[in-house]
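Thanks for coming, everyone. Please put the structure up on the screen, and then I'll walk you through a few places in it.

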Amino acid sequence: MLFNSYVFVLAFLPLFILLIRALRQRGSLRLVFLFATLASLIFYGWDTPAHIALLLGSIAFNYFMALQIAARRPAATSRFILAAGIVANLLVLGYFKYAGFFALQFLGQEPVATADLVLPLAISFYSFQQIAFLVDIQRGLLQPMGLLRYTLFVSFFPQLVAGPIVHYREVGGQLDRLKGAPHPVLDLVVGTSMFAIGLFKKTVIADGLAGYADPAFALAAAGHELDFVAAWFAVLAYALQIYFD
């Protein structure tokens with residue numbers, strides 16, 4: 001589900017806002033967390049539901065590792081568990097991103113097992129965010145929280161698929177403020193303004209620049225030689241496209 005898609009703008013986001021507001025008025029932070037987590041998983045698995053299992057598996061593994069690190073800190077054992085957690089995350093990430101590439105380089109052909117491998121959406125973001133969480137736990141900068149809160153921290157849809165990678169201490173206070181009645185007018189004015197600016201950057205600037213960058217890169221890929229001005233224009237258009245996207 002894309003942030004600029006009709007289903008998100010006209011259905012998912014309005015419904016999410018209305019239900020979150022209703023749950024906040026009830027004063028149950030747990031219900032707010034539960035609904036936000038379920039909504040985030042629906043958002044994440046909209047196109048490929050099977051990837052939800054990998055995301056939840058990663059969350060369960062890293063939460064378990066965080067508990068083990070916290071229970072043994074500051075002993076050397078905690079640093080060993082941290083290292084094991086980091087390696088495990090990087091191995092999973094590396095398998096999905098580079099298994100086919102390395103098989104092609106060293107075996108001369110790509111096995112069937114990796115040829116049809118689909119890179120899970122946002123795996124880099126949630127892997128590195130959880131690595132940062134494990135490091136913070138080992139350093140004593142925070143304590144493991146409840147599993148539901150941790151799951152929401154990792155999977156929350158506004159930042160799951162496009163970042164940024166955040167530390168829990170940067171967003172934990174914001175999650176706590178979800179308890180109690182919201183300020184609907186102020187929230188909607190600020191939120192709608194920020195969303196409109198982002199939507200303009202994506203649909204007008206980024207997608208507009210793609211109309212110049214994509215044909216030039218397609219010509220280069222097809223073996224056509226671009227002149228100096230056209231090549232630089234394509235590169236700069238692509239850079240700005242990625243930035244505003």
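Let's begin with a question: where is Pro-164 found? Pro-164 is in the loop between H8 and H9. Bear in mind that this is a predicted model. Gly-163 and Pro-164 are joined by a cis peptide bond, with omega at about 5 degrees.

There is another cis bond to point out. Arg-73 and Pro-74 are linked by a cis peptide bond, and omega there is about 5 degrees. Pro-74 sits in the loop between H3 and H4.

Stay with loops for a moment. Go to the one between helix H5, residues 112–115, and H6. Ala-122 is in that loop. Ala-122 is not a glycine, yet its phi is positive, about 70 degrees. Is Ala-122 buried or exposed? Its relative accessible area is 11%, so Ala-122 is buried.

Back to Pro-164, and on to one of its partners. Gln-159 belongs to helix H8. Setting aside residues up to four places away in sequence, Gln-159 touches Gln-129, Phe-153, Val-154, Pro-164 and Val-166. The relative accessible area of Gln-159 is 13%. Buried means under 20%, so Gln-159 counts as buried.

Next, a helix pair. Take H3, residues 51–72, and H7, residues 147–155. Their axes come within 10 Å and cross at roughly 125 degrees. H3 and H7 are therefore oblique to each other. Their crossing is right-handed. Which residues meet there? From H3 we have Leu-55, Ile-59, Asn-62 and Tyr-63. From H7 we have Leu-147, Tyr-150, Thr-151, Val-154 and Ser-155. By type, the H3 and H7 contact has six nonpolar residues, three polar and no charged.

Pick out Tyr-150 from that group. Leaving aside neighbours within four places in sequence, Tyr-150 contacts Ile-59, Asn-62, Tyr-63, Gln-130, Phe-133 and Met-145.

Tyr-150 also leads us to the core. How many residues are in the largest nonpolar core? There are 46. Those with the most contacts inside it are Tyr-44, Leu-55, Tyr-126, Phe-133 and Tyr-150. Several helices give two or more residues to this core, among them H1, H2, H3 and H7. Helix H4 (76–107), helix H6 (123–138), helix H8 (157–160) and helix H9 (168–176) are also on that list. As background, nonpolar side chains in soluble globular proteins tend to be buried together.

Now a serine. Ser-40 has its place in helix H2, residues 29–44. Ser-40 is buried, with a relative accessible area of 1%. What does Ser-40 contact, leaving aside its neighbours within four places in sequence? The answer is Ser-155, Phe-156 and Phe-157.

One more helix pair to finish. H1 packs with helix H10, residues 184–221, at an angle of about 155 degrees. Their axes are 13 Å apart. H1 and H10 are therefore roughly antiparallel to each other. The H1 and H10 crossing is right-handed. On the H1 side are Phe-8, Val-9, Leu-13, Ile-17, Arg-21 and Arg-24. They meet Pro-184, Asp-187, Leu-188 and Phe-195 in H10. That contact divides into seven nonpolar residues, no polar and three charged.

That's the tour. Thank you.

Note on methods
Residues are numbered from 1 along each chain as its sequence is written. This is a predicted model: local features need pLDDT of at least 70, side-chain atom pairs count only at pLDDT 80 or more; totals for chains, interfaces and linings use all residues. Side-chain values use heavy atoms; hydrogens and water are left out. Axes are lines fitted to C-alpha atoms, for helices over the stretch in contact, and angles run from 0 to 180 degrees between N-to-C directions. Helices (H or I, at least four residues) and strands (E, at least two) are DSSP runs, numbered from the N terminus. Angles under 35 degrees count as roughly parallel, over 145 as roughly antiparallel, 65 to 115 as roughly perpendicular and the rest as oblique. A crossing is left-handed if the near helix is turned anticlockwise from the far one by less than a right angle, and right-handed if clockwise. Contact means heavy atoms within 4.5 Å. Ala, Val, Leu, Ile, Met, Phe, Trp, Tyr, Cys and Pro count as nonpolar, Asp, Glu, Lys and Arg as charged, and the others, Gly among them, as polar. Buried means under 20% relative accessible area, exposed over 50%, partly exposed in between (1.4 Å probe, protein chains only). A nonpolar core is a set of buried Ala, Val, Leu, Ile, Met, Phe, Trp, Tyr and Cys residues joined through side-chain atoms within 4.5 Å.
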